[in-house]
Amino acid sequence: MFLLILKTKLRALRRILAEDWATYFILGPVMVGSVVLLAKRIFKDFAADIGAVQAVELSEETVLRVAIMLLFLKIFFNFLPLARRFYPTERRLTIEDLMPITFEIRYQVFYVEQLVRDLPFFIGVTFILMFFGQTSLVPWALMIWLFFPGIEIGFTLMWIHFRSPNRVELLCFLLLLSYLFWTLPIESLGFWGDFMTPILVLMGYWGFGKWRYRDIGRFEQSFSRGQEGKSLSELIPSFSCGLVRILPLTVGSQVWRDLILTFRNFVPAFWRNLSLAGACCLAVAVRGALSPIAICAGAVFLMATTASPLFALQRPFRASDFVLPIPQERVWRAKVIYAILISLPIPWIVWGIEMWVRPISPSGALNLLFTLLLLCIAVAALTGGTICEGDQKPALHLIIAGFLTVLATLFIGAFHPALFVLVFPVLNYFRGAAAFRLEHEEFS
Amino acid sequence: MLIHLSGITKHYGTFRALAPLDLKVDGEIWGIIGNNGAGKSTLMKMIVGLLPPDQGKIEIGGKRIKNEPEMIKKQIGYLPESPMLYPRLTAEELLTYIGEIKEISEVGKEVDHWLKIFGLSEKRKSLLSDLSYGMKKKIGLSSAFLGRPPLLVLDEPFNGLDVATMELLAKIITESNRAGATVLISSHLMEYIHRLCQQVLILKGGIVVGEGRPESLKREAKAASFHDTFLHFIQGRE
């Protein structure tokens, strides 16, 4: 039974990949390779260009603690998306829920699916570790990848069963746990890890069968009614009034809608990107030889790529928008502005941390801020402006936007901020291409 | 508002969705009926600009939608067969968004009006994901009627509604038509088509097999009810 379900799911996955195999297996690796080579070059150039401080050596102990913090962060941001996949609510019923499949098999399938979902994280972490020459830590990353889904499933099920799907309580708990893990002696970390992992994995296995159906009501009542994210999205209307006045009405309204949707978990990737961008910003404090400009570009890129899954998730709703009197060019423009808006706090945070940790002269500080802001606008605009280039496939878009991000960083950060003007003709090209594609979209 | 379709066709690959079709509609309520897959939704999608025809041209108010899409779309209220509504917007937010895009004056009042008409005032702050199928349908209808557009294209508007709301909708459609709106409705509910529509178009496999006033069609089919009239045209003609 397990193999049968796996085979069916693999067949579906294979069909998805088969549509774009050349992109993912030829063009993708070539472009990723080019991006890495360029990034390496920029990395070296920046270090020479702006007189970076000496690298801060991180001990293995610190790396371990930071890794634990990042895993807590992942638990927090993945909490609701994971819970939404657990509970077979009316809206989430899958064909498997209606078939006579034992919970053990469903758990195994769910676990494998989770492993596949986490695979990019594992590859990314391995890549980073190898990049910084920390190959001895790769087996650790492998172990975390293999066992973390069990911990995550167990924790999420237990938390909802014994507490509630409210994320504010969860945040407090995880912050407390983070503090404890940060201050505990390193030897006891291993003990707690060894002690808690089997408990959570076993509880997850047991709870998957016992609690999933029992807790549906509580889950639906507290989460599906949409309280989650409401408080954040309530900040939007007043902001939107200003936005709508500044921007052309059709653009302003779309940006307003997209921001509300974002804060209400329409795009789960937003929270993941936010946490990754946040981690990048914090890394400015211990950046070593890496330029704050490169870190800012990376964080802005991560944040701005939210536009891509947003656009892809809006695909089923595009017909409703298409019948409205919106010029298609403005659909594209709204996504560009959206990408800029959600990324705009990043240069300020990066600059703030940099000035706090390594104060420089006022003129130098202003110069850095100016460069960071220009780079942010350029990277976000190019990332948002290329959403139609990946044929609405976020992974493909990621490669194209990554390539342009490296180029923008090179031109604006390494050469001269005035080269920001080059962004306009590039954007102009993408605008024309996007408008053509959007206008010729068919809704059969 | 005048709709003029001349020689429009549509194919999905080798499948013929619509054979060459000519139609002139002006200020009436038209019913478009046919079996599943007859081409009703395809025809409606082409009229509102969601699908381009393979051949022929569509003029709305004397203008072609591909030449002046924004101007024409402002004048169309469209209800798709399955309205796709953003689950994470509230009813009020979605309607305000549509109203703003359509540049409707006093959007707030207009939104209040339609929410009240469909009995959804209390649900205005509810996320669309929390509404039942029928309520979502009412939101879809409100979005189509918002700003009282001169052309209403309603694909299966009665599906999923309770009896009282179906009657209310029939009344709203009639009133909109009296106020000057041209209305196109597709439905499988022959009773409503018979009652509401001044003209009917019957499609079978993308071909028009009947066209005219409901009573004339009934006489032609020598049928006792409009239901039988429909079956006569669908089963008897190629």
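1. A word on conventions. This is a predicted model, in which local features need pLDDT of at least 70, side-chain atom pairs count only at pLDDT 80 or more, and totals for chains, interfaces and linings use all residues. Residues are numbered from 1 along each chain as its sequence is written, chains are lettered from A and ligands numbered from 1 in the order in which they are written, and side-chain values use heavy atoms, with hydrogens and water left out.

2. Chain A overall. Chain A has 20 helices and 0 strands (DSSP runs numbered from the N terminus: H or I of at least four residues for helices, E of at least two for strands). Of its 444 residues, 48% are buried; buried means under 20% relative accessible area, exposed over 50%, and partly exposed in between, with a 1.4 Å probe and protein chains only. Among contacts (heavy atoms within 4.5 Å) with a separation of 6 or more, 84% join residues 24 or more positions apart.

3. The surface of chain A. Its accessible surface is about 21800 Å², and carbon and sulfur atoms hold 71% of that (Shrake-Rupley method, 1.4 Å probe; for residues, only the protein chains shown count as cover). Please look at the nonpolar patch of about 690 Å² made by A:L10, A:L13, A:L17, A:W21, A:F25, A:I26 and A:V30. Helices α1 (2–19) and α2 (21–49) of chain A each give two or more residues to this patch, and α2(A) gives the most, with 4. A:L17, in helix α1 of chain A, is partly exposed at 31% relative accessibility. Patch residues have over 30% relative accessible area and no salt bridge; nonpolar side chains (Val, Leu, Ile, Met, Phe, Trp, Tyr) are joined within 5 Å, like charges within 9 Å.

4. An enclosed strand in chain B. Why is strand β8 (residues 182–186) of chain B largely enclosed by the rest of the structure? 5 of its 5 residues are buried, with B:T182, B:L184 and B:S186 on one side and B:V183 and B:I185 on the other. β8(B) runs parallel to β3 (residues 29–34) of chain B through 4 bridges, and parallel to β7 (residues 151–155) of chain B through 5 bridges; strands pair if DSSP finds at least two bridges between them. B:I32 stands opposite B:S186, while B:L151 has B:T182 as its bridge partner.

5. An open sheet in chain B. Four strands pair antiparallel in the order β2-β1-β4-β5. β2 (15–26) and β5 (63–64) of chain B are at the edges with a single partner strand each, so one side of each has no neighbour in the sheet. Strand β1 (residues 2–12) of chain B joins β2(B) by 8 bridges, one pair of bridge partners being B:K10 and B:L18.

6. Salt bridges. Over all chains there are 23, counted where a side-chain nitrogen of Lys or Arg is within 4 Å of a carboxyl oxygen of Asp or Glu. B:R195 and B:E167 meet at 3.1 Å, N to O. B:R195 is in helix α7 (residues 190–196) of chain B and B:E167 in helix α6 of chain B, so this pair ties together parts 28 residues apart in sequence. In chain A, the residues A:R257, A:D258, A:D321 and A:K335 are linked in a salt-bridge network.
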